[in-house]
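This briefing goes through the structure shown below, topic by topic. The points are grouped so that each can be checked against the coordinates.

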Amino acid sequence: MTAFARRARASAGRMHPQLSLVSYTLLGHLEERDGRRATDLAAHYALDKSTVSRQVSALQRAGLIERRVDPEDHRVQVLHLTEAGRHILGQVTESRRAAFRERLAGWAEEDLLRFAAYLERYNAWPGGAAGPGA
C-alpha cells in the first residue's frame with residue numbers, strides 16, 4: 001500500500017505540474033459535490049483546517065477554484081471549480097484513466113474482476129477514506 005500511495009503521489013505531479021495528489025482529490029470532491037466549504041473538506045478528509053486552507057489558497061491562486069457566497073447563508077463562502085479547474089481536472093482524470101488502461105491491458109478478465117472486487121471491499125471499509133493521501 002505504501003508503494004501504491006507513493007506511485008499515486010508521483011504520478012499526480014507528472015500528469016499536471018500544478019496538481020498534487022491532495023489537490024487533485026480536493027478538486028474531484030468539489031466537482032462531485034458541486035462545491036463545498038473548506039471546513040467540510042477538512043472534516044471529510046480528517047485534515048487540519050490549516051492544511052486545507054493552504055491547499056485552497058494554492059488552488060485559488062492558480063485559478064482552479066473560486067469562493068462564492070452561500071445563497072442560504074451570506075456569512076459562508078463555498079468553494080467551486082472554475083472553468084480552468086474543470087478543464088485541468090478533466091485532463092488529469094483522462095491521463096490517469098489512460099495510465100490505468102495501459103497498466104491493466106494484459107490482465108485476464110478474471111484477474112480484473114477479482115482486483116475490482118478487492119478494491120470495492122477495501123473502499124467499503126466503515127472508516128471511509130483516511131484522507132487524500134491514503
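In this predicted model, the largest nonpolar core has 18 residues, and those with the most contacts inside it are L19, L27, L41, L59 and I65. Two or more residues of this core come from each of the elements α2 (21-33), α3 (38-45), α4 (49-61), β2 (73-81) and α5 (83-104), with α2 giving the largest share, 4 residues.

**Core residue L59 and its surroundings**

- Once its neighbours within four places in sequence are set aside, L59 is in contact with L19, S23, L26, L27, L64 and I65.
- Among these contacts of L59 are L19, L27 and I65, which, like L59 itself, are listed with the residues that have the most contacts inside the largest nonpolar core.

**Overall organisation**

- The protein has 6 helices and 2 strands, and from the N terminus on these elements follow the order α-α-α-α-β-β-α-α.
- Of the 134 residues in the protein, 28% count as buried, while the accessible surface comes to about 9,100 Å², with 52% of that area belonging to carbon and sulfur atoms.
- Among the contacts in the protein with a separation of 6 or more, 51% are accounted for by residues 24 or more positions apart.

**The strand pair**

**L79 in strand β2**

- L79 lies in strand β2 and, because its relative accessible area is 1%, which is under the 20% limit, it counts as buried.
- Leaving aside neighbours within four places in sequence, L79 is in contact with L30, G35, R36, R37, A38, L41, V56, I65, E66 and R67.
- One of these contacts of L79 is G35, and the two residues, although 44 residues apart in sequence, are 5.2 Å apart in space from C-alpha to C-alpha.

**Loop residues with positive phi**

- Most residues other than glycine have a negative phi.
- D34, which is not a glycine, has a positive phi of about 55 degrees; its place is in the loop between α2 and α3, and at 53% relative accessibility it counts as exposed.
- A46, also a residue other than glycine, has a positive phi near 55 degrees; A46 is found in the loop between α3 and α4, where its relative accessible area of 65% makes it exposed.

- W107, L112, F115 and L119 make a nonpolar surface patch of about 330 Å².
- Within this patch, F115 lies in helix α6 (residues 109-123).
- F115 counts as partly exposed because its relative accessibility is 34%, a value that falls between the 20% and 50% limits.

Conventions. Residues are numbered from 1 along each chain as its sequence is written. This is a predicted model: local features need pLDDT of at least 70, side-chain atom pairs count only at pLDDT 80 or more; totals for chains, interfaces and linings use all residues. Side-chain values use heavy atoms; hydrogens and water are left out. Patches are made of residues with over 30% relative accessible area and no salt bridge: like charges are joined within 9 Å, nonpolar side chains (Val, Leu, Ile, Met, Phe, Trp, Tyr) within 5 Å. Accessible areas come from the Shrake-Rupley method with a 1.4 Å probe; for residues, only the protein chains shown count as cover. A salt bridge is a side-chain nitrogen of Lys or Arg within 4 Å of a carboxyl oxygen of Asp or Glu. Buried means under 20% relative accessible area, exposed over 50%, partly exposed in between (1.4 Å probe, protein chains only). Contact means heavy atoms within 4.5 Å. A nonpolar core is a set of buried Ala, Val, Leu, Ile, Met, Phe, Trp, Tyr and Cys residues joined through side-chain atoms within 4.5 Å.
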